[in-house]
Amino acid sequence: MLRGPGYRWVVLAVGTVAQAATAAYFLGLSAVTPALRDYFGLGLAAVGTLIGAISVGLVLTLIAWGGAADRFGERGVMSVGLVGAAAALAGTAFVHTPLAAGALLVLAGASGASVNAASGRAVLTWFPSGRRGMAMAVRQTSVPVGAALAAAALPAIATAGGIPAVFLTLAATCLLAAAAVAIWVREPPGRPARGTRPATGVMTVLADRRLLRLSLAGLLLVVPQFLGSVFLVEVLHEGAGLPLGLSSGLLALTQVLGALGRLGNGFWSDRVSSRLGPLRVVAVAAAVGFALSAALEPGPAPVLAAVLVPAAAVAISWNGLVFTAAGELAPPDRAATAMAVSNTANYVAAAVAPPLGGLVAEVAGWPAMLGMGAVAALGAFAALIRLAEPVAGRSAGT
């Protein structure tokens with residue numbers, strides 16, 4: 001069983017848990033934005049900037065972590081990164097200024113970036129092409145599932161123990177995930193020995209025009225994803241007047257629906273042997289959903305929620321398609337690096353979208369912010385037009 005074909009499911013399960021642990025702080029903190037604003041004395045744009053600090057750290061280190069995973073394997077890279085994230089999050093529990101908290105969240109993002117590249121590489125190297133879309137969807141489902149669990153748990157933790165308790169809980173989660181990775185993650189049979197330098201250089205990956213177009217589409221799709229995730233509670237509570245508890249519950253529902261969407265998209269992409277066809281449909285659906293939400297805001301609140309929650313869920317559901325396509329486009333032995341390039345574009349948008357969205361909402365209102373998400377999704381569709389599919393049946397990174 002160890003390192004045999006069946007062991008791929010163990011690797012997938014542990015990689016999924018590790019990604020959920022990082023998603024809990026990367027996306028889950030949006031569930032306690034009112035508490036963060038009170039604790040640090042922040043406005044909408046400022047709290048968006050604080051949460052976006054995590055993405056800044058990811059952007060700075062993703063490609064380096066991807067190169068390390070291609071050369072040294074997933075287990076050490078993810079274990080070290082998760083321990084570093086736990087240390088940074090624990091430190092955030094003991095600071096009282098937004099500047100210090102932001103600096104530590106940058107470090108948490110920089111460390112957690114290890115999981116984004118390495119866990120994706122583990123899935124692509126362990127699973128064959130015909131099962132890869134669904135397997136990657138399971139792994140990517142960990143992001144909204146981790147965010148949903150955080151959205152459900154963190155408000156109560158913040159109420160009982162304050163913001164310090166929130167950060168200590170997130171740190172403990174990362175430590176547990178690090179232990180699981182160290183114990184159970186292994187390389188598949190037949191992979192080069194750890195420390196072997198990949199035959200293809202990083203610049204070859206960076207110069208791949210198809211990968212760059214795919215990365216641009218992902219960057220643009222992150223805008224509605226993060227506007228919906230970070231500000232859904234604020235739109236429904238402050239904008240439409242729904243109770244805070246109900247708004248937080250709808251955020252958790254959005255993440256669950258987004259997770260189911262990722263599974264559905266992965267199954268769909270395997271059945272039609274296409275990553276980009278389903279991705280184009282998702283981009284159009286997100287654009288329509290956010291445009292309708294902009295037209296409906298500020299309500300009536302039940303109607304707005306009935307449109308915005310599915311729209312935000314659709315905007316969450318696309319990541320596995322981009323991630324799998326990036327790995328399948330990769331040159332030999334550079335799957336993690338290619339996925340890291342794609343993810344770097346995503347996290348550039350993730351760092352910019354929350355503060356920019358908060359600023360647009362403060363200056364022009366919630367409809368303008370939601371319209372911004374619709375325009376970005378349309379831009380993603382435009383970037384995907386006539387983009388060629390990865391070679392069918394290719395073994396990623398080999």
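This is a predicted model: local features need pLDDT of at least 70, side-chain atom pairs count only at pLDDT 80 or more; totals for chains, interfaces and linings use all residues.

Student: OK, how many residues are in the largest nonpolar core?

Tutor: The largest nonpolar core has 135 residues. Such a core is a set of buried Ala, Val, Leu, Ile, Met, Phe, Trp, Tyr and Cys residues joined through side-chain atoms within 4.5 Å; buried means under 20% relative accessible area with a 1.4 Å probe, protein chains only. Those with the most contacts inside the core are L29, L36, L89, F167, L170, L214 and L279.

Student: Which helix gives the largest share of this core?

Tutor: Helix 6, residues 129–184, with 18 residues. Helices here are DSSP runs (H or I, at least four residues), numbered from the N terminus.

Student: And what does L36 touch?

Tutor: Leaving out residues up to four places away in sequence, L36 touches L29, G41, L42, V47, L50, I51, I163 and F167. Contact means heavy atoms within 4.5 Å.

Student: Switching topic: how many cavities of 30 Å³ or more are there?

Tutor: Two. A cavity is a set of points on a 1 Å grid over the protein atoms alone where a 1.4 Å probe fits but cannot get out, and lining residues have an atom within 4 Å of a point. Points are joined across faces, edges and corners, and a volume is the space filled by probe spheres set on them. The largest cavity is about 240 Å³.

Student: Which residues are closest to the centre of the largest cavity?

Tutor: F26, N116, V143, N319 and Y347, out of 23 lining residues. Helix 1 gives the largest share of that lining, five residues.

Student: And what lines the second largest cavity?

Tutor: G133, A137, R262, G266, S269, G320, L321 and T324, around about 30 Å³ of space. Helix 6, helix 9 (244–272) and helix 12 each supply at least two of the lining residues.

Student: Last one: what covers the buried residues of helix 11?

Tutor: The cover includes helix 6, helix 8, helix 9, helix 10 (276–296), helix 12 and helix 14 (366–384). Among the buried residues of helix 11 are L304, L308, V309 and I316.

Definitions and conventions:
Residues are numbered from 1 along each chain as its sequence is written. Side-chain values use heavy atoms; hydrogens and water are left out. Buried means under 20% relative accessible area, exposed over 50%, partly exposed in between (1.4 Å probe, protein chains only). On a 1 Å grid over the protein atoms alone, a cavity is a set of points where a 1.4 Å probe fits but cannot get out, and a pocket is an open set with protein on both sides within 12 Å along at least five of seven lines; lining residues have an atom within 4 Å of a point.
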